Amino acid sequence: MAKTKILNKRRNSIRSIRKITRTMELISTASYRRAMERAVSSGAYTKRLTKMVRHLAATGAEISHPLLIPHPTEEKVALLVLTSNRGLCGGYNSSLVRAAQARWHELSDKDSSIKVPQVELQVSGKRGISFFTFRKILMAATYTQFEDKPTWAEVEEIAEQFLERYLTGDLDRLEIVYMKFESLSKQTVAHEILLPLSEIGSGDSDEPEKHSTETMYDFIPSAESILSEVVPASFKMKLFNCFLDSAVSEQIARMVAMKAATENADSMIKTLTMAVNRARQGQITGELTELIGGVEALK
């Protein structure tokens, strides 16, 4: 009797957990669809704008903008890491923080060949903040306002700070580590250089690059006025797209993790149900045996 009660209590507990995981799976599915629509809609525009800025940077001295020109020395580098505020999303955060920690050590360790004098770590997401806080790695700035719907205004505020610091010489390079969304079945940890802008997308291989002389632009009214708008906008859109990619990748990871948890709960419930039935059958058999034994004793 006691064993049956214990098994029933455990099965009911797993059923309650299954309701939670199933609900979270459905919520993540809906959030994923909304986040994917935003990421896909901005992705094409960001790629085209980035490609145009690369072409402008490749023209050399003909067209110039401070954001396209690398600083002669790199004394201060900022590393921005995008993680999530919540867990229950599989290995999403662990993959990001491992890659970010490895890059931070490459930049800051004295024995590293690419060591820079000053490395500034900025982290978005409570999970990443907790990771680096536990390891006593100092963070220059933290952000927790970004959920599954990062807004343009929130990202633009951060982007303006980076732009101002790069233009004034307070920052020589900006690097970012985030989860890049490629498809429903593929999301990869990406490490990219966002500033200077001439480095953006330099490693992309989606399209073969044409020679710079094949891309011609007419600037009306002037190159300076156009570049003053296009170049900063390219950086802002790229940073915004990184946040959108992170948001949709997080929802996919949570959706997959919750689906796996729900399926595991179903399997455990099925196993416990069989165990309960066997225990109940054994209990009934025992009671019948005692009853028959008692009847035989009275004869």
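Modeller: The largest cavity has a volume of about 100 Å³. This is a predicted model, in which local features need pLDDT of at least 70 and side-chain atom pairs count only at pLDDT 80 or more, whereas totals for chains, interfaces and linings use all residues. Residues are numbered from 1 along each chain as its sequence is written, and side-chain values use heavy atoms, with hydrogens and water left out.

Colleague: What is a cavity here, and how is its volume defined?

Modeller: Rolling a probe the size of a water molecule over the atoms shows where empty space is left. On a 1 Å grid over the protein atoms alone, a cavity is a set of points where a 1.4 Å probe fits but cannot get out, and lining residues have an atom within 4 Å of a point. Grid points are joined across faces, edges and corners, and the volume is the space filled by probe spheres set on the points. The whole structure holds 2 cavities of 30 Å³ or more.

Colleague: Which residues are closest to the centre of the largest cavity?

Modeller: Of the 13 residues that line the largest cavity, those closest to its centre are Thr-83, Phe-146, Glu-147, Ser-246 and Glu-250. Helix H5 (residues 223-298) gives the largest share of this lining, 4 residues; helices (H or I, at least four residues) and strands (E, at least two) are DSSP runs, numbered from the N terminus. By class, the lining has 6 nonpolar, 5 polar and 2 charged residues, where Ala, Val, Leu, Ile, Met, Phe, Trp, Tyr, Cys and Pro count as nonpolar, Asp, Glu, Lys and Arg as charged, and the others, Gly among them, as polar.

Colleague: What lines the second largest cavity?

Modeller: The second largest cavity, with about 40 Å³ of space, is lined by Asn-85, Arg-86, Phe-146, Glu-147, Asp-148, Glu-250 and Gln-251. Its lining divides into 1 nonpolar, 2 polar and 4 charged residues.

Colleague: In what order do the strands of the sheet lie?

Modeller: Two strands pair if DSSP finds at least two bridges between them. Here 5 strands form an open sheet with mixed pairing, in the order E3-E2-E1-E4-E5. Strand E3 (141-143) and strand E5 (186-195) each have a single partner strand, so one side of each of these edge strands is left without a neighbour in the sheet.

Colleague: How do E1 and E2 run, parallel or antiparallel?

Modeller: Strands E1 (residues 76-82) and E2 (residues 118-124) run parallel and are joined by 7 bridges, with Lys-76 having Gln-118 in E2 as its bridge partner. Strand E4 (residues 173-183), by contrast, pairs with E5 in the antiparallel sense over 9 bridges. Leu-174 stands opposite Leu-195 in E5, and a hairpin joins E4 to E5 through 2 residues.

Colleague: Where is the cis peptide bond?

Modeller: The cis peptide bond joins Leu-195 and Pro-196, with omega of about 5°, and Pro-196 lies in the loop between E5 and H5.

Colleague: How many salt bridges does a search of the whole structure find?

Modeller: A salt bridge is a side-chain nitrogen of Lys or Arg within 4 Å of a carboxyl oxygen of Asp or Glu, and the search finds 15 of them. One of these joins the side chains of Lys-236 and Glu-156 (3.4 Å, N to O). This pair links distant parts of the chain, since Lys-236 is in helix H5 and Glu-156 in helix H4 (residues 152-168), 80 residues apart.

Definitions and conventions
1 Å grid on protein atoms, 1.4 Å probe; cavity = no way out; pocket = protein on both sides within 12 Å on 5 of 7 lines; lining within 4 Å.
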